[in-house]
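Walk me through this model, starting from the chain itself. Which contacts hold its parts together, and where do they sit?

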Amino acid sequence: MSSNSRKRKGSTVPEQDNGVPKKPRAPRQSKSKKTVQAEPTPEWPEYFTNLFKVFKALNTVLAFCSSRKNFAITFPVVRSSVEALLHAPLELEKVAELKALLPEIVKFAYTPKSELRIHSDQQVGPSRRERSPDYAAFQTAGASSSRLNDVDEDEHVLVLDFLDNSRGKKNAGTGLAYALPPALTPAATKKLVERRNERFIEAVNELLRATPLDDDPVVLLQVAARDHIPVHPAVIRPLTTLSQSPDKGKYKAVPEPDSRPAIEEVIQEIEGQEWYAEQISYRRIFDAKDGQLAILDPPLSESIAQALRDSRKITSLYTHQVAAIDALSQGQNVIVSTSTASGKSVPLLQFLESDPHSTAIFIYPTKALAQDQRAALEQLLYSCPGLEHIQVSTYDGDTPQELRAGIRDTASVIFTNFDMLHASVLPHEDTWRRFLKNLKIVAVDELHYYHGIFGSHVAQVMRRLRRVCAAVGNRRARFVSCSATIAKPGQHMRNILGIDNIVEVTEDGAPSGRKDFLVWNPPLKDPMDPTLGRLSSMTEATKLMRFLMARGVRVILFCKIRKSCELAMKTLRQELTADGRLDILERVMSYRGGYSQEDRRKIEREAFSGNLLGIVATNALELGVDIGVLDAVIMLGFPIGGLASFRQQAGRAGRRARDALAVFVADSLPVDQHFINYPEELFDRTTDDLIVDLDSKVILEAHLQCAAHEMPLTDEDEVYFGPPMKELCETRLIKDKEGWYHTHPRYLPYPAKHVSIRGAEEEKYSVVDVTRVGKPGGIATILEEIEVSRALFEIYEGAVFIHQGLTFLVQEVSHDTKMAKLVRSDVNWITEPRDFTNVDAVQTYRIREIKDSPHRAFYGRVELFTLVYGYFKLRNKAIIDAVDLDTPPWQRETTGMWLDVPKSALELMRASGMNPAEAIHSAQHAFLNRFALAVDLKTECKVPEKEYKAHTSQRKRPARLIFYEPSGKTGGVAVKAFDHVNDILRDAHDRVENCQCEDGCTECVDSPSCKEGNVVASKAGALIVLKAILARPIDVDLLQHEPDETLQVHDTVVEATSVRTAEGVEVESS
Ligand SMILES: [Zn+2]
Ligand SMILES: [Zn+2]
């Protein structure tokens, strides 16, 4: 829609009429700003000339303030200065008119007072080093009863400021070097003032041009300004307790869920908003669908029918449920790949009716899911005459030891997870024989969750389970799974469970409401200058979320990572406070994996009961934890989990027969912009096959060691573990005289302990809020627990830590007690650590030949030295301060493996102008990319700031590929990489050599988990390094490359010298 054709609605001035020009956009997008002047300048009514005087005075005052970083820009301060300039009073209404005219530039809102303290309290010393900050100054006053609902209790002050300070300053775009923002010179200040004045003139001209002849631009602006007079939060607060307040205040109370407007109306309303600038780039509507019922033949027994009626109000079954029940009763296995309930409880009831000794295992990926489902099943059984006594038990890591024996002896149904099967049930199969003999149903929920390395482990655990069942004489157990909609559900079930005879049910018979799907592209910052990029996707997403919540639409906002989740929550806090919508704010929460279990259960309950209007979550909520009915889903950026994850998240809204909304807010990342260009793919493209690597020798060997301990292996067990089993048994297990294979002593006495199916547990730091300690009734509360490997980078002294969107300052960190003390403090910056880690091999324990090569692989002790030497304070992505830290380095020992880069290869690269640091870094990632357990192995990533910085580094590193286990992990992963080094090296080499990409991709030399974003990288270099280690000829083509002249390269790599070897070490053959 061309914007000048749009009819102005009522008396509001659409904000975009002002800040953003109205006329056909295309011709205006030329680089030259002067094109604006090409249009005839309309005559200004006197009102605007006077308004301009006010603006100019304000502009001068604010420019002065912003040149002094430590100045509190509150309205009273600004007002007195402006009034002195104008010799006239400055009314609130005048400022509101300016805000209505230039909404993108003028900030005029109540803000918690503590947010401003950076301006007033902190003087930046000449050394730029912070000496023990006075945390007392940051503490909030008063105590709150609930931390989770901690609405700002602070006093609020009215802030008047301009928001465009960073405008026009182009980001260098390299992302390589950090620099402090230059202090504003008087000339730059003058420029800033001029630019803002121009902006005002443009805005007035645009408004005048866009005003229809029969309207008065002055009246329009004055009416619009009424909405911009800030409302003090304290004034709004009482409204939240009144359910109806039709004529008080400007805000309507949030409608009850049942009386919320239809999604269609809401979208229409969005399109009419002042801030709407064609963000909806694609829309698809899925019509409502009636339920498809089917009749079961033979019908359900009267008691089961009664149970369904009484406990679930079910009187008829949908087609997919009938199909699943039929298949199971005919002895087949089933996977139901739909978005609704699968109907696995009915067959269970049928088995129990015909044989009360029947048992079943229900497996869920998370404890929370298992809890939900267990309660529902118990209720169903209780309503079923004759089955009331059936014992259903949770059997997971939290089950007390003293209850476990009872469960093994008497339970009919257990709710558990694969971790327990692997480490507790199977190793003690002798105590589980009653249960395993009578096992009729194994239900694996959320089957799509199991893929990648975890999926490969789970697949082997299932094979162990089936083998043990068969050994106790049970070959009748049937398997039923449900999953989100995935590409090949039957195939996936076959991979994970190792079974055939699978019926796929993919037609969903349940009814569904209409669903609107929007693809949302944030608008350009300045339509006249596309090079400035687009507005922040986070601001767009939170704006949309606030809009929906205000209309009673219950929303979940999915963020990709924990950090963006907290920042989104923080943004919502600020915006809702500024809007005076504390009534909504107290009904929004964030939800992440790191939160304590207690907090998570609490949030889930709040959500389920309908108390929450909004949840900001990471994909921790992607799985089916029941949080009740949601009306809308907003996805902030394309999820890391890909298309399957995308659809799973989108499916979280509108499970019942009610209309729903899903919005994908695109980031500026290439993957997001791809879907802006090809939105149909979001719906129509098949998801990638879920990968389960059944051939990984590393994983297979681990489970063979476990299986042999459960009962010795024979060659016949190949039916479970496949052909590669034989060779591994011969080489890695111990064979007795009768031909049975036994666990290698290295894994004894408890093999499962050596095999961690989700990756090894890391030690954790407690993050403790001590704000209220020392105050009446104040106690310390644990906010989160953080793995050691992250703690270092998130909780250093002075760090800003965000929890539930609230900011805390880290006051004290003890690495001895693994605890960080934090105080609550409203600051308007975030922090980012500056650090490096040296990884040094110090002693060799084992040496292994590289096949057909004179070179060797090494395994041994590794020293890690991490130094967080400072941090940046960032506000709006700009660095406002660099603080040095005097923290002690974090040194620890671990085990690792390494491969030295041959001297010849190093010389070859230097001679042809290649950067060895790039080559080594890429080769390391290529190696890890081909190693199945790579998540538990780290490497020394090359840091761009160091490799490309202007002067040479003192920190030269040996030319070595090195991999280590993060401290605290003892999964024996490095030794596995060492044992399989020949396979991995060969795979890595072949993959890099054959990869079709040009400069490296995540298939070959890039890693999504690279700590330094794969900036220091070279695909050709990686290949040279790998070839050299494998002693293969190096093609001269590889050496022909064009050096990047823009980067200054210094040699940061020195030849690797050999590492001290422990006594008696012999070279092992390849
Ligand atoms: Zn590639
Ligand atoms: Zn890296």
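A residue counts as buried under 20% relative accessible area, as exposed over 50%, and as partly exposed in between. Arg732 has a relative accessible area of 23%, so Arg732 is partly exposed. Keep that scale in mind, and keep in mind that this is a predicted model.

Stay with Arg732. Its side chain meets that of Glu701 in a salt bridge, 3.8 Å from N to O. The pair links distant parts of the chain: Glu701 belongs to helix H27 (residues 697-710), Arg732 to helix H29 (residues 724-732), and 31 residues separate them. Glu701 has a relative accessibility of 8%, so Glu701 counts as buried.

Salt bridges with shared partners join Glu701, Arg732, Arg846, Arg848, Asp979 and Glu1068 into one network. Across the whole structure, a search finds 46 salt bridges.

Arg957 and Glu940 form a salt bridge of 2.7 Å, N to O. Here too the pair links distant parts of the chain, 17 residues apart. Arg957 lies in strand E31 (residues 957-958). Glu940 lies in the loop between strand E30 (938-939) and helix H34 (944-947). Both Arg957 and Glu940 are buried.

Now look within a single helix. Arg374 and Glu378 meet in a salt bridge of 3.5 Å, N to O. Both lie in helix H14 (residues 367-382), 4 residues apart, about one turn of the helix. Why can such a spacing bring side chains to one side? An α-helix has 3.6 residues a turn, so residues three or four places apart point the same way. Arg374 has 23% relative accessibility, so it counts as partly exposed. Glu378 is partly exposed too, because its value is 32%.

Arg467 sits in helix H18 (residues 452-471). At 5% relative accessibility, Arg467 counts as buried. What does its side chain contact? The side chain of Arg467 makes a polar contact with the side chain of Asp717, at 2.9 Å.

Turn to the aromatic residues. The structure holds 32 aromatic pairs. Take Phe52 and Phe200. Their ring centres are 4.8 Å apart and their planes lie at 5°, so the pair is stacked. Phe52 is in helix H3 (residues 46-66) and Phe200 in helix H7 (residues 186-210), so the pair ties together parts that are 148 residues apart in sequence. Phe52 is buried, with a relative accessible area of 13%. Phe200 is buried as well, at 0% relative accessibility.

Trp275 and Phe547 make another pair. Their ring centres are 5.6 Å apart and their planes lie at 85°, so the pair is edge-to-face. Trp275 lies in the loop between helix H10 (263-271) and strand E3 (280-286), and Phe547 in helix H20 (residues 537-550), so the pair ties together parts that are 272 residues apart in sequence. Both Trp275 and Phe547 are buried.

Rings also gather in groups. Ring pairs link Tyr282, Phe286, Phe517, Phe638, Phe646, Phe664, Phe675 and Phe683 into a cluster. Some rings carry a charge over the face. Arg404 lies over the face of Tyr395, 5.5 Å from the ring centre. The charged end of Arg824 sits over the ring of Phe808, 5.9 Å from its centre.

Helix H13 gives a view of burial along an element. H13 (residues 345-354) is mostly covered, with 7 of its 10 residues buried. Those buried in H13 are Ser345, Val346, Pro347, Leu348, Leu349, Phe351 and Leu352.

Finish at the metal. Which residues hold the zinc ion (ligand 1)? Its protein donors are the SG atoms of Cys995, Cys997, Cys1001 and Cys1004, lying 2.2 to 2.4 Å from the ion. Along the chain, these donors follow the spacing C-x1-C-x3-C-x2-C. The angles among the 4 donor atoms run from 98 to 117°, and the site is tetrahedral. The ideal angle for four tetrahedral donors is 109.5 degrees. Cys995 is buried, with a relative accessible area of 16%. Cys1004 also counts as buried, at 1% relative accessibility.

Methods:
Residues numbered from 1 in each chain as written. Chains lettered and ligands numbered in written order. Predicted model: local features only at pLDDT ≥ 70, side-chain atom pairs only at ≥ 80, totals over all residues. Heavy atoms only, no water. Donors = N, O, S within 2.8 Å, 3.2 Å for Na, K, Ca; no water. Tetrahedral: all angles 85-135°; square planar, octahedral: opposite > 155°, others 65-115°. Buried < 20%, exposed > 50% of the residue type's maximum accessible area, 1.4 Å probe, protein only. Phe/Tyr/Trp six-rings, centres within 6.5 Å; stacked < 30°, edge-to-face > 60°. Helix = DSSP H or I, 4+ residues; strand = E, 2+ residues; numbered from the N terminus. Lys NZ or Arg CZ within 6 Å of the ring centre and 35° of its normal. Salt bridge = Lys/Arg side-chain N within 4 Å of Asp/Glu carboxyl O. Polar contact = N/O pair within 3.5 Å; in protein donor to acceptor, adjacent residues only side chain to side chain.
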